[in-house]
Amino acid sequence: WSHFPLYGLYRWTLQQFDWAFPVSEFCLEESAQFWKLTSDRMRVLHNGVNLEQFRSDSAAGNALRDRFNLGSSPVVMYIGRVCEQKGTDVLIDAYVRLRERMPEVRLVVAGPAELFGNTGSSPLVESIRAVGGLYLGPVDESELAATYNLATVFVIATRRDEMFGMAAIEAQACGKPVVCSRQGGLPEVIPETSGIHFPVGDSVALATTLERVLTNQFLYDLLSKAARENAMRFSWDAVVRELEQVCSEGSPLRKP
């Protein structure tokens, strides 16, 4: 990648800024290595979540459940790009395993196929449908919070390059327990106090974890309560305070 035609121009442009703000420690390390930037000009500034938009709303979630004929079934949900990088195939395999033990569970997936802006199909979309899952395609912003609220538990099964995990925080802001792969920035964003991690690519472990969360009411309630509390760390007020703290340090010396 360091040899692609515009790499030098992009790196030079980045060097003209006083600060670079990667969204997690993982993103900071990856960015510093890729762009050959010095860490004294980089500070983690987390993504922010709108806690008024994303909140627990059972009425909105139930209305969508009725629209999609989901009834009271437990729903395992993923929102994001449908692709191998995001581990969609791992989630599909885990769902097949989970349904052998919990036939009533439904899988609901929303988001573009492979690339942002793609509303078409893909082999993974067809696989979701083939195993009995419901694929919603990209969801309009006006219905995004309600879509999270129809879920029972939210999953992010990313294989690589997860810099932050915005969907995980939006789901937690809605009070949904999150099960995610131990990859990239996800362990930073979803600590073990508010979510459960599983090894990258391990669909067996994912299925087992989902069954545990869905059948242990005490654990479910504990994670649900901690989810919203964790999401509050990423309120826009908190992000602004982080930015103010960085700005109070003054402008760093520019280095080549």
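**Helix packing and sheet architecture in the predicted model**

The axes of helix α4 (residues 88–101) and helix α5 come within 10 Å and cross at roughly 15°; helices are DSSP runs of H or I of at least four residues, strands are runs of E of at least two, and both are numbered from the N terminus. Axes are lines fitted to C-alpha atoms, for helices over the stretch in contact, and angles run from 0 to 180 degrees between N-to-C directions. Thr-88, Asp-89 and Ile-92 of α4 meet Leu-124, Ser-127 and Ile-128 of α5, where contact means heavy atoms within 4.5 Å. By class, this contact has three nonpolar, two polar and one charged residues (Ala, Val, Leu, Ile, Met, Phe, Trp, Tyr, Cys and Pro count as nonpolar, Asp, Glu, Lys and Arg as charged, and the others, Gly among them, as polar).

The model is predicted: local features need pLDDT of at least 70 and side-chain atom pairs count only at pLDDT 80 or more, whereas totals for chains, interfaces and linings use all residues. Residues are numbered from 1 along each chain as its sequence is written, and side-chain values use heavy atoms, with hydrogens and water left out.

Six strands form an open sheet in the order β3-β2-β1-β4-β5-β6, with parallel pairing; two strands pair if DSSP finds at least two bridges between them. Strands β3 (134–137) and β6 (195–198) are the edges, each pairing on one side only. From one strand to the next, the twist averages 20°. Five bridges link β1 (residues 75–79) to β2 (residues 106–110) in the parallel sense, and Tyr-78 has Val-109 of β2 as its bridge partner. Helix α5 (residues 123–130) lies across β2 and β3 and runs at about 140° to β3.

Strand β4 (residues 153–156) runs parallel to β5 and is joined to it by three bridges, with Phe-154 partnered by Val-178 of β5. Both faces of β5 (residues 178–181) are covered: Val-178 and Cys-180 on one side, and Val-179 and Ser-181 on the other, are all buried (under 20% relative accessible area, with exposed over 50% and partly exposed in between, for a 1.4 Å probe and protein chains only).

Helices α7 (residues 166–173) and α10 (residues 217–231) pack at about 120°, their axes 7 Å apart, and are therefore oblique to each other.

Terms used: Angles under 35 degrees count as roughly parallel, over 145 as roughly antiparallel, 65 to 115 as roughly perpendicular and the rest as oblique.
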